[in-house]
Amino acid sequence: MAVIRVIAAALLLLSGALVQAAVLPEDRADLMYHGYQGGGVSIDGPAVMLRKKAGQSVSLSAYYYIDTVSGASIDVEATASAYTETRHEKRLGVDYLAGNSILSLNYAQSDEDDYNAKSVSFGIAHDTFGGMTTLSLEAGLGDDTVGRNGDESFSADVKRFNYKFGWTQVLSSRWIAALNMQVDLDEGFLNNPYRSVRYRDATEALGYGYQREVYPDTRNGFAVSLVNKVYLPYRAALSLNLRHYQDSWDIRAFDAEVEYVHPLTDQWTLEAKLRWYSQGQAEFYRDLFDFANQQNFMARDKELSEFDNLTLGLGAGYRLPVWDFWPGAKPELNLQWDHIRFNYKNFRNVTITDAGAGLEPLYSLDANVLRAFFSIYF
């Protein structure tokens with residue numbers, strides 16, 4: 001009931017008097033390279049994004065991303081070979097400015113060999129109280145098709161619904177805070193078609209056998225986050241973000257992030273962040289089951305186990321000199337690097353077999369994420 005009252009209050013404010021007009025996003029073009037290395041998996045690829053106003057009230061955007069995935073994570077490696085596949089993602093969006101409100105419509109499509117996803121979302125953001133408060137609502141619908149390479153007879157569907165509410169408040173000339181809530185409702189085939197669980201089996205050489213995972217066909221999740229951004233007297237900015245998540249699979253998660261952005265000169269900007277994330281396991285997760293078909297639902301996905309991770313991120317931005325042939329353009333270069341340390345509390349490394357079933361060392365991994373941007377604002 002509390003959530004309903006908050007949303008009702010937001011709708012009331014959205015219908016209030018218009019005081020100051022909202023602003024469309026700035027025209028820009030971006031070229032990005034993204035790379036991930038960790039846990040036996042490599043993901044990398046380029047992306048391009050373009051946003052351009054069409055008149056005074058409409059802004060159009062387009063995004064195209066290609067990533068190549070190779071290798072196999074440890075929970076797949078035990079029962080399947082490494083693989084390579086390429087994913088293509090396309091997005092189109094339009095923003096419409098109406099007085100103090102911006103209406104947004106977005107479409108996204110992602111295609112790979114064994115997974116195809118389509119989604120559409122509609123949102124509204126409204127400035128009120130002289131631009132001191134921004135309220136936003138968004139609803140999205142996803143329609144996915146899951147396949148399994150090597151098995152032409154396998155095909156399953158997933159329906160995804162998500163609803164978002166945001167409240168951004170200017171608290172002072174140097175302090176902005178935001179409260180965001182999101183509800184996700186998923187229905188269909190929600191597990192990985194290649195992943196298996198293991199169970200004790202004395203007839204097997206390793207002391208355990210494998211069977212395919214079985215998940216519930218619904219998952220309802222709720223997340224709430226609080227964002228605080230403080231602008232410091234010497235033009236720097238400090239952000240503190242807190243987020244809580246819980247779902248119908250009994251997963252509870254919390255993360256906290258601190259970010260600091262410091263301009264060195266008019267051209268150079270440095271940033272650093274520290275993020276900590278912790279979650280509990282799903283109710284039907286186990287690293288090693290006692291026997292086959294022990295439960296109606298059985299999972300051994302390490303992302304559903306109990307774990308935490310710590311991220312250290314560093315970044316640098318450089319504003320390029322103005323071009324003579326395009327004086328209205330503002331080109332920039334940005335480079336960001338994250339190092340992530342994952343520690344799993346009840347997921348074991350089955351590639352080490354000399355300890356015995358269920359006594360293998362707990363798994364951990366280090367991952368590195370690199371993002372390079374070339375951006376032009378115009």
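1. A word on the model before we start. The structure is predicted, so to speak of local features we need pLDDT of at least 70, and side-chain atom pairs count only at pLDDT 80 or more, while totals for chains, interfaces and linings use all residues. Residues are numbered from 1 along each chain as its sequence is written, and side-chain values use heavy atoms, with hydrogens and water left out.

2. Let's begin with the rings. There are 20 aromatic pairs in the structure. Rings of Phe, Tyr and Trp (its six-membered ring) pair if their centres lie within 6.5 Å; planes under 30 degrees apart are stacked, over 60 edge-to-face, and the rest tilted. Tryptophan 249 and phenylalanine 284 are edge-to-face, because their planes are at 75°, with ring centres 5.2 Å apart.

3. Where do tryptophan 249 and phenylalanine 284 lie? Tryptophan 249 is in the loop between strand E13 (237-247) and strand E14 (252-263), and phenylalanine 284 is in the loop between strand E15 (268-279) and strand E16 (307-319), so the pair ties together parts 35 residues apart in sequence. Strands (E) are DSSP runs of at least two residues, numbered from the N terminus.

4. Buried means under 20% relative accessible area, exposed over 50%, and partly exposed in between (1.4 Å probe, protein chains only).

5. Now look at tryptophan 323 and phenylalanine 325. Their planes are at 10° and their centres 5.2 Å apart, so this pair is stacked. Tryptophan 323 is partly exposed at 21%, whereas phenylalanine 325 is exposed at 66%.

6. Some rings gather in a group: Tyr277, Phe307, Phe342, Tyr344, Phe347 and Tyr363 form one aromatic cluster.

7. Rings can also have charges over them. A charge sits over a ring if NZ of Lys or CZ of Arg is within 6 Å of the ring centre and within 35 degrees of the ring normal. The charged end of arginine 91 is over the ring of tyrosine 63, 5.1 Å from its centre. Arginine 148 lies over the face of phenylalanine 154, 4.1 Å from the ring centre.

8. Finally, which residues lie nearest the centre of the second largest pocket? They are Glu138, Lys164, Phe165, Asn180 and Gln182, from a lining of 21 residues. A pocket is an open set of points on a 1 Å grid over the protein atoms alone, where a 1.4 Å probe fits, with protein on both sides within 12 Å along at least five of seven lines; lining residues have an atom within 4 Å of a point. Strand E6 gives the most to this lining, with five residues.

Notes
Helices (H or I, at least four residues) and strands (E, at least two) are DSSP runs, numbered from the N terminus.
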